Amino acid sequence: MNYYSENFSIKTLFKWTIICLIIGILSGSTSSFFLVSLNWVTEYRENNSWIIWLLPIGGLFIGLVYHYYGKTAVKGNNLILEEYENPQKPIPLLMAPLVLIGTLITHLLGGSAGREGTAVQMSTAISDQLTRVFKLNNSERKTILILGISAGFASVFGTPLAGAIFALEVVFFSRINFKSVFTSFLVAYISYYVVELWHVKHTHYFISSVPNFSFLNLFWVSISGILFGLTALFFSKTTHFWHELFSKYISYPPVRPFVGGVILSISFYFIVTTKYIGLGIPSIVDAFNHTSANYDFLLKILFTGFTLGAGFKGGEVTPLFFIGATLGSSLSLFIPLPIALLAGMGFVAVFSGATHTPIACTIMGMELFGLESGIYIVIACVIAYFFQDL
């Protein structure tokens, strides 16, 4: 099959440039609003810790809304992939406000979740509405879905190159055409710069010291990559376990996050810390400078898997960053590599293993931490990717 056979005329180029501009502006703006709102609810929760006791009520609300108004949207990212593989009907625009509200409630009340799933779902739900506006066929609609994923990821993390590659890698390179590649990069950069225009800041991480590459360091990076891959596997198994457990014993979906919220609220009360709720960005930043406790990554796996398995909304990627960075940081007690380098490797390698996107994760690592750490990042991401499938 020739993937370059489509007539990529000036008219086609103009049409897709306009589509990318629309998606980039809308996606960048919605991600900006989401990031600002997320910062606000996080700050409010940190200053009013009593609100965590309302987590069961918030969970019940999310469950009821999705049960009665979002039976299709509840599939989340899986719906996007299903529509890419077998186009049936447009992704409902309602997915965007539902996942936005659900994620903000989850973070406001103390659930352990991420943000990329929200950004990608909002962006893709908005993007797919252009299918009807521009009268696109099924092949062109696949490109629209790729653009939604690319714009959402790039805008929420501030990594346009990784966002473009991530979208392409998620749907596999063998199933895309040149137009999808070109427009994925274009829309990623547009949405990224729209967020910049809104003056919304992303978190910055630094690896101040990168040692010279050697066979001994290769050995230590390989050991680290194996541990990162096994951790990604454990995270995936844990999240699946909680989802299956709630589905098996609680038949009425809206009650699942209510019960989960009760258990989470009580748990957070007894551990006397908010370290493992929400995004956990302060802990991620700290992992680059100070050795994390060797149980930090395990508790984050437990609480994130439980939160998402119970039916709360939010993504997995930022918790994966937390898990990887704190694991890498704690490994500095045993592995003779700089703490920031180990944290950075874990940051992207656990993500690589869990999402099966080693190329995008490698590029993200270079975008976030600099090219100097590139050789270590790529080895850790590739090894983690392979060991996640054990």
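Buried means under 20% relative accessible area and exposed over 50%, with partly exposed in between (1.4 Å probe, protein chains only). This is a predicted model, in which local features need pLDDT of at least 70 and side-chain atom pairs count only at pLDDT 80 or more, while totals for chains, interfaces and linings use all residues. Residues are numbered from 1 along each chain as its sequence is written, and side-chain values use heavy atoms, with hydrogens and water left out.

**Whole chain**

Start with the protein chain in cartoon view. Its secondary structure consists of 17 helices and zero strands; helices (H or I, at least four residues) and strands (E, at least two) are DSSP runs, numbered from the N terminus. Along the principal axes, the C-alpha atoms fill a box of roughly 60 × 55 × 40 Å.

Of the 390 residues, 56% are buried. Among contacts with a separation of 6 or more, 81% join residues 24 or more positions apart; contact means heavy atoms within 4.5 Å.

**Helix H10**

Select phenylalanine 228, which lies in helix H10 (residues 215-249). Phenylalanine 228 counts as buried because its relative accessibility is 0%. Leaving aside neighbours within four places in sequence, its contacts include Gly324, Leu327, Gly328 and Leu331. Then pick phenylalanine 347: its C-alpha atom is 9.2 Å from that of phenylalanine 228, although the two are 119 residues apart along the chain.

Move to lysine 135, in the loop between helix H6 (130-133) and H7. Lysine 135 is not a glycine, yet has a positive phi of about 55°. With 71% relative accessibility, lysine 135 counts as exposed.

Next select glutamate 140 in helix H7 (residues 138-157). Glutamate 140 counts as buried, at 11% relative accessibility. Apart from neighbours within four places in sequence, glutamate 140 is in contact with Lys15, Trp16, Lys135 and Lys179.

**Helix H8**

Now take helix H8 (residues 160-170), where nine of the eleven residues are buried. The buried residues of H8 include Pro160, Ala162, Gly163, Ala164 and Ile165. Phe166, Ala167, Leu168 and Glu169 in H8 are buried too.

**Valine 272**

Go on to valine 272, in the loop between helix H11 (255-271) and helix H12 (281-287). Its phi is near 55°, a positive value in a residue other than glycine. Valine 272 is exposed, with a relative accessible area of 68%.

**Cysteines**

Finish with the cysteines. A search of the whole structure finds zero disulfides, a disulfide being a pair of cysteine sulfur atoms within 2.5 Å. Select cysteine 361 and cysteine 381: the sulfur of cysteine 381 is the closest cysteine sulfur to that of cysteine 361, but at 5.3 Å it is too far for a bond. Cysteine 361 counts as buried, at 0% relative accessibility. Cysteine 20 is buried, with a relative accessible area of 0%.
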